[in-house]
Amino acid sequence: MRTSIPGATPIPFGIDAGALARISPGGGGATAGFPSAVAHPGRILRINDAGLELPAPAIGEPEMSTAERVAAHLRRLAGAWNVPAARFIGHYFAFLGRQLETHRAELEEKLAPFDGLFAPEDFIFSAPLPLPRAHLLAPAEGHGGQPAAADYVAVDFAFWLGDAPTAVFALPSPLTPGTARRRDERLAAAGVRLVSYGAIDLADPEFGLFPRILGEAVRFWEGEALPSAPVTRGLPEF
């Protein structure tokens, strides 16, 4: 898959592997009918810069904050009945909230010149975006042609934290041990970092899973001059 932005890496997400047949090798790797985030070298892919197609609130729908709508949208993209993924998203957003509360004094000082225009909670959208049901380019064999569907590997979640993706998998895996090993070897050969999690990680009140995934990006507000809401359909920016 190509993009017109030099060095950028498109990542299809929110789909099952069968939908990747809509990637057209003869059309420059164009996609149709499913989300695709664009990651840039040296930049974290954040919630507020991924261009999520977040639907507008429906008439009669219970009132939700923008962060709650983003979390609900990601759960939908993770697939119906995907309990481990839904719990991962819920635990992740709880971790983000805990981070902002823990560092509230620091963030209030950072925002003090803006006289109450922003609150520390607004930085939640600067956090790295978890891409559910993502597909990472990891060709089984080197080739000089356009990527096709077979060149992508499905992962439960993908994060882009700067220069390469991190793949996140739920345990136990639905794959056989041999298939999972070959998948992991293929991803590692493509420069993808691998992290797995189980039920015990999602029950951890100290959120130890996410520093393991995010590394230095746990302080996701750093490098962000101001908080900003996601660029979405139907919802205003700050």
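The crossing of helices H1 and H2 is right-handed. By class, the contact between H1 and H2 holds nine nonpolar residues, one charged residue and no polar ones. This briefing describes a predicted model of a protein with six helices and six strands. Of the 238 residues of the protein, 45% count as buried.

**Overall layout**

- Read from the N terminus, the elements follow the order β-β-α-α-α-β-β-β-α-β-α-α.
- Among contacts in the protein with a separation of 6 or more, 69% are between residues 24 or more positions apart.

**The pair of helices H1 and H2**

- Helix H1 spans residues 66-78 and helix H2 spans residues 83-102.
- The axes of H1 and H2 are 9 Å apart, and the two helices pack at an angle of about 160°.
- An angle over 145 degrees counts as roughly antiparallel, and H1 and H2 are therefore roughly antiparallel to each other.
- On the H1 side, the residues in the contact are Ala67, Val70, Ala71, Leu74, Arg75 and Ala78.
- On the H2 side, these residues meet Ala85, Ala86, Ile89 and Phe93.

**Salt bridges**

- Side chains of opposite charge can pair when their charged atoms come close.
- The count of salt bridges in this model comes to twelve, with a side-chain nitrogen of Lys or Arg required to lie within 4 Å of a carboxyl oxygen of Asp or Glu.
- One of the salt bridges joins Arg133 and Asp16, whose closest N and O atoms are 2.9 Å apart.
- The pair of Arg133 and Asp16 links distant parts of the chain, as the two residues are 117 residues apart.
- Arg133 belongs to strand E3 (residues 131-137), whereas Asp16 lies in the loop between strand E1 (9-12) and strand E2 (36-39).
- Arg104 and Glu108 also form a salt bridge, with an N to O distance of 3.8 Å.
- Both Arg104 and Glu108 lie in helix H3 (residues 104-111), where a spacing of four residues corresponds to about one turn of the helix.
- Glu108 counts as partly exposed because its relative accessibility is 40%, a value between the limits of 20% for buried and 50% for exposed.
- Arg104 and Glu108 also belong to a network of salt bridges that includes Glu101 and Glu121.
- A further salt bridge joins Arg183 and Asp184, with the closest N and O atoms 2.9 Å apart.
- Arg183 is buried, with a relative accessible area of 14%, whereas Asp184 counts as partly exposed at 25% relative accessibility.

**Residues with particular backbone geometry**

- A cis peptide bond, with omega at about 0°, joins Leu171 and Pro172.
- Pro172 is located in the loop between strand E5 (165-170) and helix H4 (177-189).
- Asp115 is a residue other than glycine with a positive phi, near 50°.
- The position of Asp115 is in the loop between H3 and E3, and Asp115 is exposed, with a relative accessible area of 72%.
- Phe207, likewise a residue other than glycine, has a positive phi near 55°.
- Phe207 is placed in the loop between helix H5 (199-202) and helix H6 (209-214).
- Phe207 is buried, with a relative accessible area of 9%.

- Asp122 lies in the loop between H3 and E3.
- Asp122 counts as buried because its relative accessible area is 16%, and buried means under 20%.
- Asp122 and Ala67 are 55 residues apart along the chain, and their C-alpha atoms are separated by 9.1 Å.
- Ala67 is also one of the H1 residues that meet H2.
- Tyr152 is part of strand E4 (residues 152-160) and is buried, with a relative accessible area of 7%.
- Tyr152 and Ala140 are twelve residues apart in sequence, and the distance in space is 8.8 Å, C-alpha to C-alpha.

Conventions
Residues numbered from 1 in each chain as written. Predicted model: local features only at pLDDT ≥ 70, side-chain atom pairs only at ≥ 80, totals over all residues. Heavy atoms only, no water. Axes fitted to C-alpha atoms, helices over the stretch in contact; angles between N-to-C directions. Parallel < 35°, antiparallel > 145°, perpendicular 65-115°, else oblique. Left-handed = near helix turned anticlockwise from the far one by under 90°. Contact = heavy atoms within 4.5 Å. Nonpolar A, V, L, I, M, F, W, Y, C, P; charged D, E, K, R; others polar. Buried < 20%, exposed > 50% of the residue type's maximum accessible area, 1.4 Å probe, protein only.
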